[in-house]
Amino acid sequence: MKTSKLVVIAVITCAAGFIGFETAAVASPMTNAQNIAAGKSIAFNRTQGNCLACHVLPGGKMAGDVGPDLAVLPLKAIFKTKEKLVDFLYDPEKVIPHINMPQFGKNKVLTHHQMELVADYLWSLKG
């Protein structure tokens with residue numbers, strides 16, 4: 001059963017590529033769920049993203065209140081794309097001068113991939 005689903009996905013992906021559709025947009029829901037879980041883990045980790053030091057996040061314990069509540073902040077309306085959110089995480093001051101937020105990428109706190117995972121998690125919030 002699992003193999004036949006993979007074959008169908010592969011055929012659809014190849015056909016989409018053949019007729020000119022972007023295949024990068026075809027993603028397995030499981031991969032998305034794994035990315036979101038990994039991003040949440042980084043965001044909650046006190047030695048990595050440490051988002052809870054300043055922000056409220058759903059399910060977070062001992063959240064800070066220096067930054068906005070990310071559970072209700074409309075990130076999709078603010079940033080429009082996940083890529084713009086990743087850019088913001090890389091260097092928040094480049095987007096909002098004098099913001100009091102760590103420069104996760106610029107200061108090499110997180111890798112680009114880790115920032116993408118955090119963005120996947122934040123993007124999944126209902127805000």
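## Overall architecture

The protein has six helices and zero strands. Read from the N terminus, its elements follow the order α-α-α-α-α-α. The model is a predicted one, and every value reported here was computed from it.

The protein comprises 127 residues, of which 28% are buried. Among contacts with a separation of 6 or more, 43% are between residues 24 or more positions apart.

## Packing of α4 against α6

Two packed helices are described by the angle between their axes and the distance between the axes. Helix α4 spans residues 82-90 and helix α6 spans residues 112-124; the two pack at an angle of about 125 degrees, and their axes lie 9 Å apart. Because this angle falls between the roughly perpendicular range, 65 to 115 degrees, and the roughly antiparallel range, over 145 degrees, α4 is oblique to α6. The crossing of the two helices is right-handed.

On the α4 side, the contact is made by Lys82, Leu85, Val86, Leu89 and Tyr90. These residues meet His112, Met115, Glu116, Val118, Ala119, Asp120, Leu122 and Trp123 in α6. By residue class, the contact of α4 with α6 consists of nine nonpolar residues, one polar residue and three charged residues.

## Salt bridges

The structure holds two salt bridges. One of them joins aspartate 120 to lysine 82, with 2.7 Å between the closest N and O atoms. Aspartate 120 belongs to helix α6 and lysine 82 to helix α4, so this pair ties together parts of the chain that are 38 residues apart in sequence. Lysine 82, at 26% relative accessibility, counts as partly exposed.

Lysine 106 and aspartate 91 form a salt bridge in which the closest N and O atoms are 3.8 Å apart. This pair links distant parts of the chain, since lysine 106 lies in the loop between α5 (92-95) and α6, whereas aspartate 91 lies in the loop between α4 and α5, 15 residues apart. Lysine 106 is partly exposed, with a relative accessible area of 44%. Aspartate 91, by contrast, is buried, with a relative accessible area of 9%.

## The loop between α5 and α6

Glycine 105 is located in the loop between α5 and α6. Its relative accessibility is 6%, and glycine 105 therefore counts as buried. Leaving aside residues up to four places away in sequence, glycine 105 touches Leu89, Tyr90, Leu110 and Met115. Glycine 105 and aspartate 87 are 18 residues apart in sequence, and their C-alpha atoms are 8.6 Å apart in space.

Asparagine 100 is also placed in the loop between α5 and α6. At 67% relative accessibility, asparagine 100 counts as exposed, whereas glycine 105 is buried.

Key
Residues numbered from 1 in each chain as written. Predicted model: local features only at pLDDT ≥ 70, side-chain atom pairs only at ≥ 80, totals over all residues. Heavy atoms only, no water. Axes fitted to C-alpha atoms, helices over the stretch in contact; angles between N-to-C directions. Helix = DSSP H or I, 4+ residues; strand = E, 2+ residues; numbered from the N terminus. Parallel < 35°, antiparallel > 145°, perpendicular 65-115°, else oblique. Left-handed = near helix turned anticlockwise from the far one by under 90°. Contact = heavy atoms within 4.5 Å. Nonpolar A, V, L, I, M, F, W, Y, C, P; charged D, E, K, R; others polar. Salt bridge = Lys/Arg side-chain N within 4 Å of Asp/Glu carboxyl O. Buried < 20%, exposed > 50% of the residue type's maximum accessible area, 1.4 Å probe, protein only.
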